[in-house]
Amino acid sequence: MLPDELAAEFKALGLPGYRAGQVFRWLGRGAASFSEMSDLPAALRDRLDGIYTIPALTLLRRQISRTDGTEKYLWALPDGESVETVLMRYKHGNSVCISSQVGCRMGCAFCASTIGGKVRDLAASEMLDEVLRTGLTAGAEISNIVLMGIGEPLDNFDNVVRFLALVNDPSGADIGMRHISLSTCGLVDAIDKLAGLHLQLTLSVSLHAPDDATRSALMPVNGRYGVEELLAACERYFKKTGRRISFEYAMVRGVNDTAAHARELARRLRGTGSHVNLIRLNHVPERGLEPSTPEAVRAFEEVLSAAGVTVTVRRRLGSDIDAACGQLRRGQMRKSWNSTH
Ligand code: SAH
């Protein structure tokens, strides 16, 4: 619940308004029970405990990368499902990559998260708890959030928007919108809806190909919204919010990494002020696609820069614990956890 909703709830119980504020602050710091809320009278804590439950996530596994310190968390949800969260430590602060759904139904050909389809959406409180509980367990202050874990955030629109309001609230976790990135495979209607909310977050769009033939082979969603339509929506988004789009481009050997692809991408993005993140595909054994060679990535990057498109090549964090982009997955969880533990 948001502060005003909690206030209305407590009012109906005959409680004074400031009690809702106290409880909201505790929840925003990750309190997992009413007994922790030390500034509430004991009788009130008991009463609230009798009415409500705080469905906190419980830790199943925590893995720490030997190579770069990236951490991966496997959380149990109250109904027995589970999701993964990744913590990345950077010089500029700690960032968590959270999941927005249990599984995913977008069907991208290179992604492990979609292998078993979608099981269910995550509630706003569950996404908030991924952030809070990861920070508490790691003993790390969280300054940035990326919605780039398992799931398609815009396919769980209302819960994600509610999560954003919760995590952004000054009396809660208080994480600024400019410190939040949301990544989508390109659901055009939802991008337009999001634009209407005028949030200051960073929208990342998983483009992965500059033309319909290549993109449709990798991403079924392209059959619904083609490249032209998607880029037009990105343009509208930028006009409405003033926030430039960042495009993700996972480089797949021999599929989307040729000079012709680079030139076509440059042609489409030139002058839009958008940014391109290139990342070598992370190998997902079930998928049968290979990462581009480092040389192909460099050549691709050069074509884009020469055309005036800003581009960065992403580092791959957490590869040794299967925490890298696209590797988070539910169906394979037992196998991968066992083999790396
Ligand atoms: N559903 C959202 C967010 C989750 S995926 C989206 O599609 O954007 C986060 C990013 O990882 C996306 O850009 C996705 O395309 C990318 N990704 C998925 N599998 C990958 C892989 N094997 N290697 C590299 N990136 C991958």
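Helix α4 (residues 124–138) packs against helix α5 (residues 157–168) at an angle of about 45°, and their axes are 8 Å apart. That angle makes α4 oblique to α5. The model is predicted. The points below cover this helix pair, two further pairs, and the surroundings of the ligand.

**Helices α4 and α5**

- α4 passes α5 in a right-handed crossing.
- On the α4 side, the contact is made by A124, M127, L128 and V131.
- On the α5 side, these residues meet N159, V160, R162, F163, L166 and V167.
- Sorted by class, the residues of the contact of α4 with α5 are eight nonpolar, one polar and one charged.

**Helices α9 and α10**

- Helix α9 (residues 259–269) and helix α10 (residues 294–306) pack with their axes 9 Å apart, at an angle of about 30°.
- α9 and α10 are therefore roughly parallel to each other, since angles under 35 degrees count as roughly parallel.
- The crossing of α9 and α10 is right-handed.
- From α9, the residues H261, A262, R263, L265 and A266 take part in the contact, and from α10 the residues F300, V303 and L304.
- The contact of α9 with α10 comprises six nonpolar residues, one polar and one charged.

**Helices α6 and α8**

- Helix α6 (residues 188–195) packs with helix α8 (residues 227–241) at an angle of about 5°, and the axes of the two are 9 Å apart.
- With this angle, α6 and α8 are therefore roughly parallel to each other.
- α6 contributes V188, I191, D192, L194 and A195 to the contact.
- These meet E229, L230, A233, R236, Y237, K240 and T241 in α8.
- In the contact of α6 with α8, seven residues are nonpolar, one is polar and four are charged.

**Surroundings of the ligand**

- The ligand is surrounded by 19 residues, and the closest are E152, S183, S206, H208 and N282.
- In the side chain of S206, an N or O atom is 2.6 Å from an oxygen atom of the ligand.
- H208 has a polar side-chain atom that lies 2.6 Å from an oxygen atom of the ligand.
- For N282, a polar backbone atom is 2.9 Å from a nitrogen atom of the ligand.

How values were computed. Residues are numbered from 1 along each chain as its sequence is written. This is a predicted model: local features need pLDDT of at least 70, side-chain atom pairs count only at pLDDT 80 or more; totals for chains, interfaces and linings use all residues. Side-chain values use heavy atoms; hydrogens and water are left out. Axes are lines fitted to C-alpha atoms, for helices over the stretch in contact, and angles run from 0 to 180 degrees between N-to-C directions. Helices (H or I, at least four residues) and strands (E, at least two) are DSSP runs, numbered from the N terminus. Angles under 35 degrees count as roughly parallel, over 145 as roughly antiparallel, 65 to 115 as roughly perpendicular and the rest as oblique. A crossing is left-handed if the near helix is turned anticlockwise from the far one by less than a right angle, and right-handed if clockwise. Contact means heavy atoms within 4.5 Å. Ala, Val, Leu, Ile, Met, Phe, Trp, Tyr, Cys and Pro count as nonpolar, Asp, Glu, Lys and Arg as charged, and the others, Gly among them, as polar. A residue is near a molecule or strand if one of its heavy atoms lies within 4 Å of it. A polar contact is a pair of N or O atoms within 3.5 Å; within protein, one must be able to donate a hydrogen and the other to accept it, and residues adjacent in sequence count only if both atoms are side-chain atoms.
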